[in-house]
Amino acid sequence: MSLSDTETKADTTIYPASFREALGHFASGITIITTQVDDEPIGFTCQSFYSVSMNPPLVSFSVKASSFSYPKIRQAERFAVNILSSEQSHVSNQFAMRGADKWQGIDWKLSPLGNPVINDSLHWLECEIHAEHPAGDHLIVIGEVKGLNLDVAGTAQPLLYFKGKYGDLAVIE
């Protein structure tokens, strides 16, 4: 198919607000990416987390290139992924803030590799940075999983984000 001289292509400009709205129709889980540097716990909320490979076990997350927290994670060369439960929206909100004491009132402990893991999370994985790739205004970080929490959180539901709001899974019959 070709366009005649009188036909024009549709506007293909992708506007940031439209792009954000379209992506909001994809439900995602919420995680907190954490590490510790010089006895200082570091963390931020991240919804762009996913598995990459089973062998070797790799996961990935994306973070703004201008992130305050990520350079410290890069310095530590390791991180934990805390998968939040539906009861932890307040944790997600707290770690999404800039300039605040993100750890105030948060119960946590150190993982075997020395990463902060948040109590009552559904699961956590700890990783070493495997690779980092620039992608537009973000960085894609790939981590090799070196440990994980096998204590299943019973009947707890994951914290989901959909159309700009928190939610959880509906009962599927």
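Me: Leaving aside its neighbours within four places in sequence, which residues is Ile33 in contact with?
Reply: In this predicted model, Ile33 is in contact with Ile42, Gly43, Phe44, Cys46, Phe61, Ile73, Phe79, Ala80 and Val81, leaving aside neighbours within four places in sequence. Contact means heavy atoms within 4.5 Å.

Me: Which residues touch the most other members of the largest nonpolar core?
Reply: That core has 16 residues, and Ile33, Phe44, Phe61, Val63, Tyr70, Ile73 and Phe79 touch the most other members. A nonpolar core is a set of buried Ala, Val, Leu, Ile, Met, Phe, Trp, Tyr and Cys residues joined through side-chain atoms within 4.5 Å. Buried means under 20% relative accessible area, exposed over 50%, and partly exposed in between, with a 1.4 Å probe and protein chains only.

Me: Which elements each supply at least two residues of it?
Reply: Among them are strand 3 (40–46), strand 5 (58–64) and helix 2 (70–76). Helices (H or I, at least four residues) and strands (E, at least two) are DSSP runs numbered from the N terminus.

Me: What is the order of the strands in the open sheet?
Reply: The seven strands run 3-2-6-9-10-5-4, with antiparallel pairing. Two strands pair if DSSP finds at least two bridges between them. Strand 3 and strand 4 (49–53) are the edge strands, each pairing on one side only.

Me: Over how many bridges do strand 5 and strand 10 pair?
Reply: They pair over seven bridges, in the antiparallel sense. Phe61 stands opposite Val141 in strand 10.

Me: Changing topic, is Ser60 buried or exposed?
Reply: Ser60, in strand 5, counts as buried because its relative accessibility is 1%. A polar atom of the Ser60 side chain lies 2.9 Å from the backbone oxygen of Val141.

Me: And why does Lys72 count as partly exposed?
Reply: Lys72 counts as partly exposed because its relative accessibility is 21%. The residue is in helix 2.

Me: Which side chain does a polar contact join to that of Lys72?
Reply: The side chain of Glu40, at 3.5 Å. A polar contact is a pair of N or O atoms within 3.5 Å; within protein, one must be able to donate a hydrogen and the other to accept it, and residues adjacent in sequence count only if both atoms are side-chain atoms.

Me: What are the ground rules for the model?
Reply: Local features need pLDDT of at least 70, side-chain atom pairs count only at pLDDT 80 or more, and totals for chains, interfaces and linings use all residues. Residues are numbered from 1 along each chain as its sequence is written, and side-chain values use heavy atoms, leaving out hydrogens and water.
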